[in-house]
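Please open the model in your viewer and keep the sequence panel beside it. The stops below say what to select next and what to look for there.

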Amino acid sequence: MNAIEVKNLKKSFGDLQAVQDASFNAEAGEVLSLLGPNGAGKSTLFKVVAGVLAPTSGTVTVSGSRPTSHVCIGYVPQRSHVDWN
């Protein structure tokens, strides 16, 4: 079983398509890197994998579970101001 599995992931905000057709697998202990320019959807992808945002379509599983049912991923935002609500 893959530690993280992303299949055909899409995330849209209205007409803006932030992530389109992302697919990858990561095994336990594997190190991955995601590179791209500002606004390319990197943070949005990580937020969907962490369960902070719901995907528009596609699937994400972490250790075989959907992101809303696991507690094994921590997410630390880049901004110094955090909206605790």
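Predicted model: local features only at pLDDT ≥ 70, side-chain atom pairs only at ≥ 80, totals over all residues.

Residues are numbered from 1 along each chain as its sequence is written, and side-chain values use heavy atoms, with hydrogens and water left out.

Begin with Ser63, which sits in the segment after β3 and has a positive phi of about 50° although it is not a glycine. Ser63 counts as partly exposed because its relative accessibility is 45%, where buried means under 20% relative accessible area, exposed over 50%, and partly exposed in between, with a 1.4 Å probe and protein chains only.

Select Asp21 next, in strand β2, where another non-glycine residue has a positive phi, of about 55°. Its relative accessibility of 43% is why Asp21 counts as partly exposed.

Move on to Glu30, in the loop between β2 (16-26) and α1 (42-50). With a relative accessible area of 42%, Glu30 is partly exposed. A polar atom of the Glu30 side chain lies 2.8 Å from the backbone nitrogen of Glu27. If you draw a C-alpha to C-alpha distance from Glu30 to Gly74, expect 17 Å in space for 44 residues in sequence.

Now colour helix α1, whose buried residues are Thr44, Leu45, Val48, Val49 and Ala50. Against what do the buried residues of α1 pack? They pack against β1 (4-13), β2 and β3 (57-62). Just after the helix, Gly51 takes a positive phi of about 85°.

Within α1, stop at Thr44, which counts as buried because its relative accessibility is 15%. Leaving aside neighbours within four places in sequence, Thr44 is in contact (heavy atoms within 4.5 Å) with Lys11, Phe13, Ala18, Val19 and Leu53.

Centre the view on Ala22, which, apart from neighbours within four places in sequence, is in contact with Val6, Lys7, Asn8, Leu9 and Leu45.

The last stop is the second largest pocket, with a volume of about 330 Å³. Of the 16 residues lining this pocket, those closest to its centre are Ile4, Phe24, Leu32, Leu34 and Phe46. The elements giving two or more residues to the lining are β2 and α1, and α1 gives the most, with 4 residues. By class, the lining has 12 nonpolar, 2 polar and 2 charged residues, where Ala, Val, Leu, Ile, Met, Phe, Trp, Tyr, Cys and Pro count as nonpolar, Asp, Glu, Lys and Arg as charged, and the others, Gly among them, as polar. On a 1 Å grid over the protein atoms alone, a pocket is an open set of points where a 1.4 Å probe fits, with protein on both sides within 12 Å along at least five of seven lines, and lining residues have an atom within 4 Å of a point. Grid points are joined across faces, edges and corners, and a volume is the space filled by probe spheres set on the points.

Conventions: Polar contact = N/O pair within 3.5 Å; in protein donor to acceptor, adjacent residues only side chain to side chain.
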